[in-house]
Amino acid sequence: MNENPNYPGDDKELPVEFPEDPIIQDEPLFDPMEKPPEFQVNIKEDAGDDMTDLFELASEDEEDTASNAHPANEPGKKKLDGNKKKKEKRVLYGGCAKSLIYAVVIIGVSLLLSFFLLLGINDMVGLVKPNAEVTVTIPEGATTDQVVQIIKDSGAVSQPFFFKLYMSLTKSTEKIEPGEYTINTNYDYMRIISSLKGAGATYETVEISFPEGFTLEQIVDRLVEYGVNTEEALMNSLQNTEFEYDLVKDIPTDDPDRLTKLEGYLFPDTYEFYKGEAPDSVIGKFLANTEKKITEEMREQAEASGFTIDEILTLASVIQEESGDYEQMLKISSIFHNRLNSRDFPRLESDPTTEYAQAHNAAAYDTYQVAGLMPGPICNPGIEAILAALSPDDTNYLFFVTDLKGNYYYATTYNAHLKNVQTAEAVNNEVKASSGQ
């Protein structure tokens, strides 16, 4: 390696000169403030703002410090302390009032529940209950609600809620047998259930058929005839019991001329009853059957045609009384529909309605005197009459007449109808002559 003549040797000492430190003047970075700023918090009480309490609590320490450092702020502190005291009083009084109300409500509810529970316990164990024997009839397939209602109606139970609860907990419904039972109204729940399990039960069933067109009175008479129950009990059920069926609920109740609410709703059919069966159970079987026969499609069809089911049953009852043949029912129904829509012939002019009105002294049912439909059905129609009322034939007929041989004569004009009447009378005279009348 070549030596560089510009660099001295390592053994030579070189003089080193260091720069002098800069002179820094002792001056403040910022000019001192003559007077530090004062910070104040003004808190105004808002009676409708619950956050005021939080602000007051958060500012208590700051206020103490500010008041010591700056005596000039004393007035503001006094005002804040006054507001705080008012707020504390209001919160205190409001809290006391709410607590008092809660206490009163809790005590009231507790007393009410205690009283209700006491009634249930007394009823369950048979305390303070009258001593009387009653006869009850449990229908076949009775639900828990039906059994509870039957026992309640007998007077053996005064608290149906507790009795139903007891039956549910003990699964007693499955063990109860249909039949007629004699129980005492002072029995406890356990003894009532034991009495309904079939031991010693005596019951006899009867099967009864009711033809189409039977009136309510005729149905009751036949039930009495077969020993199902008494006329008084059955009529009382028909007139006063509120049955929970959709069709029944829709029956209008604002027409004072309507004789009976359930005429037309006891579907004609064959039924099985217990002798001595509870009246509500008996009528309920008819109504349940009617509820099934009147399908949802039929209800929608009635509504689409502008009629209620009650009006359809009313019209069907007249059709039922006029004919028992379905083909003739369809034509007769067309005549009645045409008359309901006619200005010239607004009356149905049906003989069965006149007979019903005279038998019940109810002029509103006479369609020779009153336009449109009657206040209600005049009998209990069958399914064919109901279907005919819903779907009549499409005709222009306004009149018809029948003869003793069962012939039907239809006409669109009154003159044609008069000729049909003469023909029918000639046939009737022939029949009478041949029978020796």
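Which residue forms a salt bridge with Glu242, and how far apart are the closest N and O atoms? The partner is Lys261, with the closest N and O atoms 3.6 Å apart, where a salt bridge is defined as a side-chain nitrogen of Lys or Arg within 4 Å of a carboxyl oxygen of Asp or Glu. Glu242 lies in the loop between helix H7 (231-240) and helix H8 (246-249), and Lys261 in the loop between H8 and E4, so the pair ties together parts that are 19 residues apart in sequence; helices (H or I, at least four residues) and strands (E, at least two) are DSSP runs, numbered from the N terminus. The structure is a predicted model, in which local features need pLDDT of at least 70 and side-chain atom pairs count only at pLDDT 80 or more, while totals for chains, interfaces and linings use all residues. Residues are numbered from 1 along each chain as its sequence is written, and side-chain values use heavy atoms, with hydrogens and water left out.

Glu242 counts as exposed because its relative accessibility is 60%, whereas Lys261, at 28%, counts as partly exposed; the classes are buried (under 20% relative accessible area), exposed (over 50%) and partly exposed (in between), computed with a 1.4 Å probe on protein chains only.

Across the whole structure, a search finds nine salt bridges. Among them, Glu204 and Lys275 meet through their side chains at 3.6 Å, N to O. This pair links distant parts of the chain, 71 residues apart, with Glu204 in the loop between helix H5 (189-195) and strand E3 (205-209) and Lys275 in the loop between strand E4 (270-274) and helix H9 (279-293). Glu204 is partly exposed at 46% relative accessibility, and Lys275 is likewise partly exposed, at 32%. A further salt bridge joins Glu244 to Lys249, with the closest N and O atoms 3.1 Å apart; here Glu244 is exposed at 60% relative accessibility, and Lys249 is exposed at 52%.

Burial was also examined in two helices. Helix H11 (residues 309-322) is mostly covered, as 12 of its 14 residues are buried, including Ile309, Asp310, Leu315 and Glu322. In helix H15 (residues 414-434), Asn420 counts as buried because its relative accessibility is 15%. Apart from neighbours within four places in sequence, Asn420 is in contact (heavy atoms within 4.5 Å) with Val401, Tyr409, Tyr410 and Ala411.
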